[in-house]
Amino acid sequence: MLVITYDVNTTNPDGARRLRTVAKLCERYGMRVQNSVFEVLVDGAQLAALKESLLQSIDARQDSVRFYRLGNNYQNKIDKIGCCPVVETGKELIL
């Protein structure tokens, strides 16, 4: 389980395009839990492919993407308040 967060500079039209691209890439692999935050269940090969795609999509001088590894026992590492969907192993990601 990973939590992926990103911050894309959207002060120009290129930034808005990059933001949409980053969001769509993350949506392929996980579930959006907040505007720029995704919970993702991937194996090593999928993570490498996602990182490469994100690297090619952002402007590293202006944008950032962070990966937080929660590990296999992620259920005990996530505290939630309010309406908060969470990714569960073996469950459909599409709601």
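At what angle do helix 1 and helix 2 pack, and how far apart are their axes? The close-ups below start there. This is a predicted model, in which local features need pLDDT of at least 70 and side-chain atom pairs count only at pLDDT 80 or more, while totals for chains, interfaces and linings use all residues. Residues are numbered from 1 along each chain as its sequence is written, and side-chain values use heavy atoms, with hydrogens and water left out.

**View 1. Helix 1 packs with helix 2.** Helix 1 (residues 13–29) and helix 2 (residues 44–57) pack at about 175°, and their axes are 10 Å apart. Axes here are lines fitted to C-alpha atoms, for helices over the stretch in contact, with angles running from 0 to 180 degrees between N-to-C directions. The two helices are therefore roughly antiparallel (angles over 145 degrees). Helices (H or I, at least four residues) and strands (E, at least two) are DSSP runs, numbered from the N terminus. Arg-18, Thr-21, Val-22, Leu-25, Cys-26 and Tyr-29 of helix 1 meet Gln-46, Ala-49, Leu-50, Ser-53, Leu-54 and Ser-57 of helix 2. By class, this contact has 7 nonpolar, 4 polar and 1 charged residues; Ala, Val, Leu, Ile, Met, Phe, Trp, Tyr, Cys and Pro count as nonpolar, Asp, Glu, Lys and Arg as charged, and the others, Gly among them, as polar.

**View 2. Ser-57 is found in helix 2.** Ser-57 is buried, with a relative accessible area of 16% (buried is under 20%, exposed over 50%, partly exposed in between, for a 1.4 Å probe and protein chains only). A polar atom of the Ser-57 side chain lies 2.7 Å from the backbone oxygen of Ser-53. Setting aside neighbours within four places in sequence, Ser-57 is in contact (heavy atoms within 4.5 Å) with Arg-18, Thr-21 and Leu-25.

**View 3. The largest nonpolar core has 15 residues.** Such a core is a set of buried Ala, Val, Leu, Ile, Met, Phe, Trp, Tyr and Cys residues joined through side-chain atoms within 4.5 Å. Tyr-6, Val-22, Cys-26, Val-40, Leu-50 and Leu-54 have the most contacts inside it. Helix 1 gives the most to this core, with 5 residues.

**View 4. Arg-69 lies in strand 4 (residues 64–69).** Its relative accessibility is 58%, so Arg-69 counts as exposed. Beyond neighbours within four places in sequence, Arg-69 is in contact with Met-1, Leu-2, Leu-47 and Lys-51. Arg-69 and Ile-4 are 65 residues apart in sequence, yet 8.8 Å apart in space, C-alpha to C-alpha.

How values were computed. Angles under 35 degrees count as roughly parallel, over 145 as roughly antiparallel, 65 to 115 as roughly perpendicular and the rest as oblique. A polar contact is a pair of N or O atoms within 3.5 Å; within protein, one must be able to donate a hydrogen and the other to accept it, and residues adjacent in sequence count only if both atoms are side-chain atoms.
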